[in-house]
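Thanks for taking a look at this one with me. Please have the sequence and the model open side by side as you read.

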Amino acid sequence: MQCSISECKEKAIQTVKISFKETRNLCENHYKLFKNKDEKYVPTFSKASKF
C-alpha cells in the first residue's frame, strides 16, 4: 500500500480518517505530521542588539 500524498512514493504504515467519508493511507513521515497537527508551539523571543 502506498502513501496517499501525491508527491510521496513511500510505503503507507497507517490509515487515518480525514473527514466523515474520507480516509487516507499515510507513510511514517506524513503520519507524524498529521498526528502533531494540533500541537501548539510557543515562540521564543530574544532582545534585539543595540547597533
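1. Some ground rules to begin with. This is a predicted model, in which local features need pLDDT of at least 70 and side-chain atom pairs count only at pLDDT 80 or more, while totals for chains, interfaces and linings use all residues. Residues are numbered from 1 along each chain as its sequence is written, and side-chain values use heavy atoms, with hydrogens and water left out.

2. How many salt bridges does a search of the whole structure find? The search finds two, where a salt bridge is a side-chain nitrogen of Lys or Arg within 4 Å of a carboxyl oxygen of Asp or Glu. As background, side chains of opposite charge can pair when their charged atoms come close.

3. One of the salt bridges links the side chains of Glu22 and Arg24, at 2.7 Å from N to O. Glu22 has a relative accessible area of 31% and is partly exposed; Arg24, at 31%, is partly exposed too. (Buried means under 20% relative accessible area, exposed over 50%, and partly exposed in between, with a 1.4 Å probe and protein chains only.)

4. Glu28 and Lys32 form a salt bridge as well, their closest N and O atoms being 3.8 Å apart. About one helical turn separates Glu28 and Lys32, because they are four residues apart in helix H1, residues 28-35. Helices (H or I, at least four residues) and strands (E, at least two) are DSSP runs, numbered from the N terminus. Glu28 is partly exposed at 45% relative accessibility, and Lys32 is partly exposed at 42%.

5. Do look at Arg24 again, this time for its surroundings. Arg24 belongs to strand S2, residues 23-26. Setting aside residues up to four places away in sequence, Arg24 touches Ser4, Gln14, Thr15, Val16 and Ile18, contact meaning heavy atoms within 4.5 Å.

6. Beyond its neighbours within four places in sequence, Asn25 is in contact with several residues, including Met1, Cys3, Ala12 and Thr15. The side chains of Asn25 and Thr15 are also joined by a polar contact of 2.7 Å, that is, a pair of N or O atoms within 3.5 Å; within protein, one must be able to donate a hydrogen and the other to accept it, and residues adjacent in sequence count only if both atoms are side-chain atoms.
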